[in-house]
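Student: Please take one part of this structure and look at it closely. Then show me how it sits among the rest.

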Amino acid sequence: DAEFADPETALLSSVEVERATRPGDVTLPARRGRQYAAAMDPATRGNAWTVVVAHIESGRLVVDLARQWVGSRAAPLSPRAVLAEIAAELRPYGVEYLMTDQWGFDFAREPASDAGLVLVEKTWTAASKLLAFDALRLRLSTDALELPPDPTLRADLLSVRRRVTTNGVAIHL
């Protein structure tokens, strides 16, 4: 009888995202002694090609850098050009390995290698995606995440939805 209920709800609270957002610099400079990791979500048309760099400090996941490039159908992004820019962004952090999903791995592997990067494929399933976003939500709720004051990243995080489907719960970006 709850046909009026919306099966789609925001996964992350704007209050928690705001609380996790550090004041000051959008990008933190690389510092000696820290171990950084990077991940990207490549896209060439319409969707943004994104990359983040993060490190763990005192049990908190700190996002040091978040960047995006946006192409279009008329002017798609060049994987070679974007990966060269990403390599330049990652160099100060000492990052050579870059995680990506199974959809971007094949087309980006060669241009990444040409830019001096090694791609690491992360295969996502509906279940692993749900676990990852639940871990993100837990980090937010326990103050174990520090985000940059980047309005695009904030909007992207707040647009993540948890959707109830006939197969269970799914994450919708």
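Tutor: Start with strands S8 and S9. In this predicted model, 5 bridges join S8, residues 161–165, to S9, residues 168–172. The two strands run antiparallel. A hairpin of 2 residues links S8 to S9.

Now step back to the chain. The protein chain has 5 helices and 9 strands. Read from the N terminus, its elements go β-α-β-β-β-α-β-α-β-α-β-α-β-β.

Next, a helix pair. Two packed helices are described by the angle between their axes and the distance between the axes. Helix H2 covers residues 79–90, and helix H3 covers residues 102–114. They pack at about 50 degrees, with axes 9 Å apart. That angle makes H2 oblique to H3. Their crossing is right-handed. From H2, the contact uses Pro79, Arg80 and Leu83. From H3 come Phe107, Ala108, Glu110, Pro111, Ala112 and Asp114. By class, this contact has 6 nonpolar and 3 charged residues, with no polar ones.

Last, the overall dimensions. The C-alpha trace of the protein chain spans about 60 × 40 × 25 Å along its principal axes. The protein chain has a radius of gyration of 17 Å. A compact globule with 173 residues would have one near 16 Å, so the chain's value agrees.

Conventions:
Residues numbered from 1 in each chain as written. Predicted model: local features only at pLDDT ≥ 70, side-chain atom pairs only at ≥ 80, totals over all residues. Heavy atoms only, no water. Axes fitted to C-alpha atoms, helices over the stretch in contact; angles between N-to-C directions. Helix = DSSP H or I, 4+ residues; strand = E, 2+ residues; numbered from the N terminus. Parallel < 35°, antiparallel > 145°, perpendicular 65-115°, else oblique. Left-handed = near helix turned anticlockwise from the far one by under 90°. Contact = heavy atoms within 4.5 Å. Nonpolar A, V, L, I, M, F, W, Y, C, P; charged D, E, K, R; others polar. Pairing = 2+ DSSP bridges. Rg over C-alpha atoms; globule rule 2.2 N^0.38 Å.
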